[in-house]
Amino acid sequence: MLQENIWLLSLAIVTSVTTADVSYYNCACEGESCRGKTCVGRACFVTEELLFDSRKIHRVRGCFNYHVIEQCSGKTEITRVECCYANYCNQNVTIFTLEKAVEINLILVIVLPVVLFLILLMVFAFLFWKLKESSRKKSLARLIDFGNIDIVNASTVGDSTLGDLLDDNCTTGSGSGLPFLVQRTVARQVTLLKCVGKGRYGEVWRGTWQGENVAVKIFSSRDEQSWFRETEIYNTVLLRHENILAFIASDMTSRNSSTQLWLITHYYDNGSLYDYLQRTTIDPEECLQLAVSIICGLVHLHVEIFGTQGKPAIAHRDLKSRNILVKANKQCCIADLGLAVVHSQNGDYLDIGNNPRVGTKRYMAPEVLDETIRTDSFESYKQTDVWAYGLVLWEICRRTIINGMVEDYKPPFFDMVPHDPSFEDMKKVVCVDQQRPNIPNTWHLHKVLSELTKTMRECWFQSPSARLTALRIKKTLNNLKNSLDQRSTISMNNLKTHD
């Protein structure tokens with residue numbers, strides 16, 4: 001024992017002496033090779049080794065006297081070495097990264113198989129969906145009208161090249177626009193000519209593509225979700241219908257060192273219904289034609305068509321005269337699907353989208369204004385569309401000539417709320433006071449306006465469930481139109497007989 005103490009004392013003395021620029025330190029010693037609890041060396045060390053079987057850490061403390069640099073740099077996936085240079089500096093050192101390594105290895109062993117299984121499941125689900133989509137897109141696009149399936153001719157008078165191109169691609173079930181690669185080609189060949197409209201969410205330009213007019217809706221960067229939503233719906237749903245704005249292409253392009261979001265559609269010289277009504281007066285027959293064409297478009301949106309050649313049901317959520325365009329033949333088509341809600345009865349799937357934008361306050365239904373709408377029910381969104389349709393109907397009727405009299409164009413509730421009404425303004429008028437747009441007595445003097453007045457009032461019930469459905473409105477207005485056509489035919493025949 002005395003000899004051992006003398007040996008330790010001699011080593012301790014050596015550590016206090018520096019010769020040839022070499023320093024020695026007292027170090028904690030822990031492990032099978034230790035003669036005691038301390039040792040003297042040129043470096044103190046701690047080594048830790050991960051033991052997989054026992055999931056423990058084997059730790060050793062001691063001194064290095066030879067090949068210090070090499071030994072201190074030792075490091076593998078399961079061992080770590082840490083050196084220090086001061087008396088007993090290794091006494092309380094632990095290498096925490098090894099504990100982390102234990103956790104990571106345990107996670108990999110337990111979680112990795114589960115993650116791999118989920119990834120494989122997702123891959124199979126994606127492949128199944130792609131296979132189903134491919135099968136659907138090989139079918140002929142067909143649309144519904146009173147329960148009958150009719151093949152739609154995508155071209156319109158004067159569309160020539162553009163119409164032919166759309167015909168060739170859209171009747172193959174490839175969505176309502178061109179194939180993606182063709183869309184990008186078209187977008188890069190469009191020349192912008194004139195800005196024809198501006199809103200808080202972007203601009204609309206008249207452009208040309210291969211000598212033909214197209215409309216280019218350029219979204220502002222803050223309304224990216226609306227662009228994405230419209231692009232998504234137009235490219236995945238068979239929307240080809242004469243009363244839905246004809247979609248051509250969508251692209252993200254760079255102009256003037258900034259990124260622009262484009263939606264390219266057919267162009268109509270008459271512009272929006274809002275613009276058209278401000279500069280044009282109409283007769284009762286034109287009034288009915290506009291009303292019928294809008295409700296036909298809304299019915300096509302609302303109805304789900306089943307099967308591989310079908311489409312989900314869609315609610316517009318922002319129907320108004322600014323979002324309806326007037327064609328040269330005085331038919332209307334519905335535009336702006338940026339807020340649309342999609343519903344499929346297969347699995348009761350409801351896709352509300354991810355758009356922070358809200359609808360137009362002036363056209364909001366009572367249940368939207370007082371926030372009682374059932375957001376989990378697709379029927380609720382269709383009922384708000386019917387409310388808005390009633391307001392659009394009122395706008396059309398105001399510009400209809402009856403006995404030589406016609407009203408100036410005014411938006412709904414023009415005499416009850418400010419020019420740019422707030423949410424609270426509309427809530428007070430529609431929900432609290434339960435007011436509705438004024439209906440002049442002269443409208444009851446003509447069969448068409450009298451019938452349309454009755455229809456719009458049934459669109460404005462406070463209770464959403466009491467309102468007419470779009471399909472019921474379509475049938476009513478078509479019956480009215482047919483009766484007028486029959487009367488006109490009889491009158492013509494009587495004139496011929498008299499002659």
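Which residues in α8 meet which residues in α12? On the α8 side they are P284, C287, L288 and A291, and their partners in α12 are V448, L449 and L452, with contact meaning heavy atoms within 4.5 Å. By class, that contact has seven nonpolar, no polar and no charged residues (Ala, Val, Leu, Ile, Met, Phe, Trp, Tyr, Cys and Pro count as nonpolar, Asp, Glu, Lys and Arg as charged, and the others, Gly among them, as polar).

A word on the model: it is predicted, local features need pLDDT of at least 70, side-chain atom pairs count only at pLDDT 80 or more, and totals for chains, interfaces and linings use all residues. Residues are numbered from 1 along each chain as its sequence is written, and side-chain values use heavy atoms, leaving out hydrogens and water.

Now for the rings. Searching the whole structure turns up four aromatic pairs (Phe, Tyr and Trp rings, the last by its six-membered ring, with centres within 6.5 Å; planes under 30 degrees apart are stacked, over 60 edge-to-face, the rest tilted). Y274 and Y409 have ring centres 5.4 Å apart and planes at 90°, so this pair is edge-to-face. Both tyrosines are buried (under 20% relative accessible area; exposed is over 50%, partly exposed in between, with a 1.4 Å probe and protein chains only). R322 lies over the face of Y274, 3.7 Å from the ring centre (the cut-offs are NZ of Lys or CZ of Arg within 6 Å of the centre and within 35 degrees of the ring normal).

Most residues other than glycine have a negative phi. H67 has a positive phi of about 50° and is exposed, at 57% relative accessible area. D336 has a positive phi of about 65°, but is buried, at 10%.

Terms used: Helix = DSSP H or I, 4+ residues; strand = E, 2+ residues; numbered from the N terminus.
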